Amino acid sequence: MYDFIQLKKDMFSKSSSGIDPAYARYMKIKEVILYTNSLDGISNFYVDVLELPIIQENNEKISFKAGTSILTFNQSSEYEFPYYHFAFNITENKIEQALQWLKNKAVTINQINGIDHYYDESWNCHSIYFYDPLGNIVEFIARHAIPEIEHGDFNSQEIKNISEIGLPVEDVQQASEILQKKYNVGVYKSSNNVFAPLGTSAKTWKSLPFSSKKSWRSFRRQKATN
């Protein structure tokens with residue numbers, strides 16, 4: 001029923017070679033495989049705008065390297081106009097620079113309560129939301145529980161990894177129960193009938209938020225009240 005996304009996860013230890021030490025303590029999403037009715041225009045956005053390198057491309061799929069994660073889109077006609085929400089962790093102290101970087105590239109910011117970068121007290125993070133050409137809700141998230149100090153302008157090298165993947169579903173609780181059993185994860189903080197984040201703990205930062213289609217655009221406000 002919920003097979004229109006594939007997740008591959010990996011756990012890195014503190015001593016993992018080639019992994020940014022600030023992120024090596026946390027569970028990462030290794031790869032997210034999403035489905036789309038059309039691959040047209042995807043590379044223009046993710047390569048030209050977000051500056052993510054292509055690691056594989058053919059008529060059926062395209063994969064991008066996003067820090068330590070891989071973002072893959074598969075061509076499919078099985079599902080009608082699938083869309084998702086996913087978040088990229090960015091350098092924690094670069095939220096202002098990241099916002100300006102996106103604006104310089106003419107990316108339209110999806111404001112929350114009239115704010116370009118939204119602070120969520122519950123999750124202790126700042127977030128920037130925008131759309132890709134497929135209508136997916138993309139997020140840059142600066143998690144203040146993972147402190148980093150980097151100087152200079154923001155660049156694509158400060159996209160660290162994919163840290164969230166979310167799906168709009170008709171029955172949030174049913175989807176939550178199915179995925180808790182399938183991936184052996186529990187509810188992170190709390191859930192309700194329009195939003196159910198899943199993860200192992202606050203420190204692993206592995207979350208799978210779900211929201212109904214009608215309330216999807218306001219899901220961050222729903223979460224903030226939990």
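Tutor: Rings of Phe, Tyr and Trp (its six-membered ring) form a pair if their centres lie within 6.5 Å, and planes under 30 degrees apart count as stacked, over 60 as edge-to-face and the rest as tilted. The model is predicted, so local features need pLDDT of at least 70 and side-chain atom pairs count only at pLDDT 80 or more, while totals for chains, interfaces and linings use all residues. Residues are numbered from 1 along each chain as its sequence is written, and side-chain values use heavy atoms, with hydrogens and water left out.

Student: Which residues form one aromatic cluster?

Tutor: The structure holds 11 aromatic pairs. One aromatic cluster is formed by Phe45, Tyr46, Phe64, Phe73, Phe86, Phe88, Trp101, Phe130, Phe140 and Phe154.

Student: Is the pair of Tyr46 and Phe64 stacked, edge-to-face or tilted?

Tutor: The ring centres of Tyr46 and Phe64 are 5.1 Å apart. Their planes stand at 35°, so the pair is tilted.

Student: Is Tyr46 buried or exposed?

Tutor: Buried means under 20% relative accessible area, exposed over 50%, and partly exposed in between, with a 1.4 Å probe and protein chains only. Tyr46 has a relative accessible area of 0%, and therefore Tyr46 is buried.

Student: What kind of pair do Trp101 and Phe154 make?

Tutor: Both Trp101 and Phe154 are buried. The centres of the rings of Trp101 and Phe154 lie 5.1 Å apart and their planes are at 65°, so the pair is edge-to-face.

Student: Is Arg143 buried or exposed?

Tutor: The relative accessibility of Arg143 is 2%. Because this value is under 20%, Arg143 counts as buried.
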